[in-house]
Every structure is written in structure tokens, then in C-alpha cells.
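The sequence and the structure are shown first, and the description follows.

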2 protein chains.
Amino acid sequence: MQERKRKILRAVTDDYIQTAEPVGSRTIARKYNLGVSPATIRNEMADLEEGGYLRQPHTSAGRIPSDKGYRYYVDSLMDVPEVSPEEKEQIRREVYQPQRELGDVVQRAIRLLAMLTNYTSLAVMPGVHQGAVRHIQILPMDETHVLVLLVTEPGFVQHCIVEVSNPLTPSKTEHLSAVLNDHLKGRALGDLDRLLLSQLGEDLNDVRLFEQAVELLHRALREQTDETVYLDGAVRILNQPEFRDVERAKLLMEALEERSRILSMLSEVADDQEVAITIGEENVYAEMRDCSVVTATYGIGGQTIGLVGVLGPTRMEYARAVSVVEFVADNLSEMLTKMSRRWSRSR
Amino acid sequence: MQERKRKILRAVTDDYIQTAEPVGSRTIARKYNLGVSPATIRNEMADLEEGGYLRQPHTSAGRIPSDKGYRYYVDSLMDVPEVSPEEKEQIRREVYQPQRELGDVVQRAIRLLAMLTNYTSLAVMPGVHQGAVRHIQILPMDETHVLVLLVTEPGFVQHCIVEVSNPLTPSKTEHLSAVLNDHLKGRALGDLDRLLLSQLGEDLNDVRLFEQAVELLHRALREQTDETVYLDGAVRILNQPEFRDVERAKLLMEALEERSRILSMLSEVADDQEVAITIGEENVYAEMRDCSVVTATYGIGGQTIGLVGVLGPTRMEYARAVSVVEFVADNLSEMLTKMSRRWSRSR
DNA sequence: ATTAGCACTCCGCATGTGTGAGTGCTAAAT
DNA sequence: ATTTAGCACTCACACATGCGGAGTGCTAAT
């Protein structure tokens, strides 16, 4: 694409992102000094429309970017600004809270994300099954229920209550905890294979207890295995003029209340790159057709384990969103990696 | 108030609740056969308006109930229907899930509440400090952090990570857990008084360890002591015609995102009665001036510990809301009481 | 005390009109 | 061969105008 067309597409997109109004040739000529007259810009815009980058909401209105136009914009037009030092500091403060539990850290991180961008923010945290076991503990609750406590690798703590067919005495649960710890510490819960289980059976020396343990772990895993979705600032979409229509806003917010849908939407994004942008029709769900999602992956020591991002209208401040989301994700990764190392050392 | 005026007020309120349109004398004469002509009804309505029970959105429109009208309606006009057997069954199924954690039970209970009423639902669960300790466990995480796990009376399980100034070895944490369990089991965490602490110190036989334990418990308590607010179906307020205006909806939903505000709002309701109704201007917060809240308390063995309810427009189906909310709260209480008894027996 | 009748009010809706922003086209200028 | 000025045209939006209908309050008759 010729340089001038690029400049115009960029000007139109920037302006529309800012004002939410269709932008005309005069406006561009006035605000962005490209050194050419409105007429020339009109001609170029007609070309851009032909090429599918711009569209007109109605004849004789200004132009707005199409999804394709936004795609071109994010891929090769926008320049991503640095996050300001104050904001960097704010994000670091929020993320570096090692005494907090991981879920809380993520929760608060995306709350900040929503505040800084004024978009809805979301995050996915992996389930407990992914990391190595740090600690496993079984406590009796009443005759038929026990509490299973799992602490896994980067600092996930999860507990669940499991019904057991036969009562377990405190001494039995203690014994069970000890044996389970011996065998599972350092291994991923996903690795609970037959070999491991049979070995466990030998060491337990109690068939009945062994069966219970297996049943128990199975249940615990089934319940707690799924990824968690965090969401914050869903109301912020109501700030956007494109959602001034309640019906549309309702549809979107209802979709956001179903966490499973968010999850399947987010798991679609390619995680081979750090920051991913999904624009309008690229979204799988119809309710999101006027939305864009900017996500970044975070992980431990290079391995991706989760995802944070923001959701806004397709007319989103992509540059800003990318920079902030990326910075938050990077900090999360850094923190998790440090915590992980610290734990390794302390063993 | 004369019987006929009561009948008319009731008819107006019922009709307005159903249609959301100002209701006129003709409508009442047609739909509710009071055996009098529209003219008579008009006269009565004028009286009711004079008395402050009805108001006109504008001259020559029908009447709608004022807050005072609603108040009179809920206090002495409406008849609360029975919950249908199917719905009762549905609620019971949702609440009687003893293998689930309490928070989850409440969460799912109010999700159902929102579905059944089509209003936003909310609940308050007391913090961990209120109930007696069932179990307390301290686990080392890394050099400077330990995990404190608390299981308290009716089945609350909470954990938090606490930073400690000096490393605690696994054997020390085990010892500490054992001593703490001995002393605290069966007592409320709020009772952690000086006497108890000094006794603890003697038994621990280790000044440094004792100090850490105290610091640790303090921190754990400070973090986890607050009540939890659950909220579900916030988007449902967008179904109400009174919130067709996005600006108004936004204001309300923003208020709902601040859990602390909900909490302070809910703690205002008098809990000497089981079901409480707060109508329009009776709410403390300005954002809620067009809303009503119907809440019911739940508890263990007669002692109130929490609150569930629904939030809707002042034009709310009060009768229906009261019956469903009350039934959910009753079931929660029953379940909690049973769980509590079961635990007592198993000790 | 109740009701029929009637004039009056005011909202909601549809219709008509003007204005302004913006376009596309054509012809002139560079 | 571009670029630009000029101009006619389009269309959304805002604003006035004009009904129709639902509902009221008042008065007089029952």
C-alpha cells in the first residue's frame, strides 16, 4: 500500500477511535496535516473503501474502519506507546504481593487493568492439575466428608470437600496425607497414572484405605481441574457509545456472565505469540461481533500457563491496550517465575 | 383505610407491577371487577394520591404507586403465594449439597434465586471469625511464607498466605498446628483474647515461635475476617424497562461492582425480622433510589449468620420475591443447622 | 354516594422541513 | 497525470407541526 494511503487509513482509524464519529475528508485535512486537499483525501478514501479497509455507515457520511482496516492498523500502522513510569510502578506494586494467593494477585491485576484502560478485563488461570504438587493434605470434616487441600507449583492453593463412602478417622487421614505427600510431591497431578497408583497401594498397606484414596483424588481432581476465569469491569462496556443500546449491551453482558463461554473464546486465541488481538468478526461468538479482545500470555520460566486481556469495542485504543496488557502479563510472569524459584530453593 | 381504597391501591399496584405502564381508572374497572364505575375509581384514586400512596407521572396520565404506596402494599395488601412444588424441589436440590463448600452452596443458591425471580440476587456470608474453629493448620510455603488453613463451624474453609519474619521449619509448623488446634478447637476466633494467648505461650515453650504464631494469626484474621458478598445476575436489571436508559443502568451496576457498598447497604436492613423489604427512597444510597431489595436472613440453629435477597426496580414482584427468597433462606438455614449437628456428633 | 357526560391535558407518533456534514463527479489548474 | 476547486446531491438528525388517544377533573343528573 502506498505511503499516503497508509497515512490516511491511520488518520481515519486514530480519529475514529478517539471520537467514535465517522470521519470525513475535511476533518483529516484539518487535523492531520498531510499536505493535501480534502478532495485528494476523498479519492484515496474511495480507494481504501474499495479495498475493504474503510466503510461508510451510510451514503454521504464519513468513513469508519472495517474489521479489515483495523487488522491492517494493528498489524502495521499503530505505534505502541510505552507505559508511563507511574503506571508501571502502579502495576508492579499490584502484582508483587507474594504473600497473597495467586488467584488474588491475578484478580487485582486485572482490576487495575480495567481501571487503566477503561475496558472490561479478563484473565484465565490454569487449574490445579497443571503444576507440580507442593503439598497435599487430607482432613476429616464429619463422618462422611473430608477436606482435600492441594498446594501446587507456582502457589495455587485449592481445597475441596469430598464425600467418602466410609468414615476416615483422623489418624487414617494423617497417614494417608503422609503417604500421598511422599509419592506426589514434585509431580504433576496430571501424571497420576496406574504405575504411581499401584506403588501407592503397596505403601499404604490397606486395601480399603487405598481405594478410598483413589476415589477421593479422582473426585478432587474432577472438581478442581478446570481453569478459572476472572472478569472485572464488565460495566465499563456501558461507557462505550456503541453500547448505548441496552439490548446490545445486555446480550454481551449476558455472554460475559457465562464463564465457560469466555473460556472457550479465549482458548481460541493463538498462544504462539505473546500478544494476540482478535477483532470483531474474528471472534467466534456472534455477541462479540462488535468487540475486540487484546490478550497476552503469562507463564513461568517461559512456559505459558495463563492469559490476561481486555475486551472493548472494535473501536478500541489498540495501541494503549497492547502496551498495558503486555506489561501486566510480563510482570505476572516475572513474579511467578521468582516465586517458583524461591520455592525450589527452599526445598 | 376503607376497604375499597385498599382494593383500588392493590389493583393499581398489581397492574403496574405487571405492565410497567401507568394505570388508569378505566383499566381497573375493566380488569378488576370492583363493581363500580371508572368515575368512582377516579375519585378514590384522587384521594389516594392526596394521601401520598399514588402519583401521576404527568397530568392526564394514569397513576403509579409511590414508595409509600408500595410500602402499604407489601405491609398489608399483597398475599404471598406458595412457592410451586417444582421450584421447591429445585431449590432443595441446589442447597442440599453437603459435599460442596459453603461458599459454593450460597453462590449457587443465589444463582438459582436470580433465575427464578429474574432479578439480581445477592448474599452475605459471614467471615471466618464468627464460627468455632474446627481445624487449624499451618503449612510452610517457602522461606518466608506459610499457609494458614482454617475450617470453622458450619463448614467454612478459608486459607490465606501469611508472610513471616523468620523461616518456620516443617516440624515447627506441625508443632504449632497441633498446639493451636488443642487450644482453639471449638472456640470462636473472635475470642482470641489475652488469657488464651498467654496460655498458648506457656504450652508452646518457645518464645520466638509464640510470637510468630500470634503475628500470624493476627494477619490471617485481618485478611479473612470480612464478610463476603455474593452477587449474581446483575445484568438482569437491564431487562427492566426502568433501566432502559443506559446512564441509569450504568450508575446502578457500578454501585453493584463495589462489594463494600452492597455490604453496607445490606447491613442496614433490620435483622429482627426474617424477611425485610427496603423500598426506593428507603435505601441509603442514591443510586438505589429506584430499586427495592427483598432480603431474608439465614442462620444456624436460630442464630442469624447471613443474608440472601434480590434486588429489582421498586416496581418489583414483591409477593413472588418474598416467597422465593424466604424459601431459599429457610433451606439454607436448615442445611447449615444439619451440617453443624452432624459435625458435633462426629467429634 | 355514585355515575354519565364533557371539556381539557398531555404524551406519543407520524409527518414534514431545513440544515449541515459529507460525498462523488467534473472540469480546471498545476 | 495528479491534484484541487466547485457544485449538485444524499442522507441523518434535529426541530416544528399536527393529530389521536388515553386519562383526568369537574359538574350535573341519578
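A residue is taken to be near a molecule or strand if its C-beta atom, placed from the backbone, lies within 6 Å of it. The structure is a predicted model. Of the 20 residues around DNA strand C, those that come nearest are Gly24(A), Val36(B), Ser37(B), Thr40(B) and Ser60(B). Two or more residues of this surface are given by each of helix H2 (25-31) and helix H3 (38-50) of chain A, and also by H3 of chain B.

H3(A) supplies the largest share of the surface near DNA strand C, with four residues. By class, this surface holds 11 polar, six nonpolar and three charged residues.

## Helices H1 and H3 of chain B

Helix H1 (residues 3-19) of chain B meets helix H3 (residues 38-50) of chain B: their axes come within 10 Å and cross at roughly 85°. Angles of 65 to 115 degrees count as roughly perpendicular, and H1(B) is therefore roughly perpendicular to H3(B).

From H1(B), the contact is made by Arg4(B), Lys5(B), Ile8(B) and Leu9(B); from H3(B), by Ile41(B), Glu44(B), Met45(B), Asp47(B) and Leu48(B). The residues of this contact comprise five nonpolar and four charged, with no polar residue.

## Interface between the chains

In the pairing of the two chains, 31 residues of chain B are in contact with 31 residues of chain A. On the side of chain B that touches chain A, the elements giving two or more residues are strands E4 (133-142), E5 (145-152) and E6 (156-163), together with helices H10 (246-257) and H12 (318-346) of chain B. That side of chain B has 15 nonpolar, 10 charged and six polar residues.

## Domains of chain A

Chain A is divided into three parts: domain 1 (3-76), domain 2 (85-126 + 227-346) and domain 3 (133-224). Taken over C-alpha atoms, the centres of domain 1 and domain 3 of chain A are separated by 62 Å.

Methods
Residues are numbered from 1 along each chain as its sequence is written. Chains are lettered from A and ligands numbered from 1 in the order in which they are written. This is a predicted model: local features need pLDDT of at least 70, side-chain atom pairs count only at pLDDT 80 or more; totals for chains, interfaces and linings use all residues. Two residues are in contact if their C-beta atoms, placed from the backbone, lie within 7 Å. Ala, Val, Leu, Ile, Met, Phe, Trp, Tyr, Cys and Pro count as nonpolar, Asp, Glu, Lys and Arg as charged, and the others, Gly among them, as polar. Axes are lines fitted to C-alpha atoms, for helices over the stretch in contact, and angles run from 0 to 180 degrees between N-to-C directions. Angles under 35 degrees count as roughly parallel, over 145 as roughly antiparallel, 65 to 115 as roughly perpendicular and the rest as oblique. Domain bounds come from an automatic or database domain assignment.
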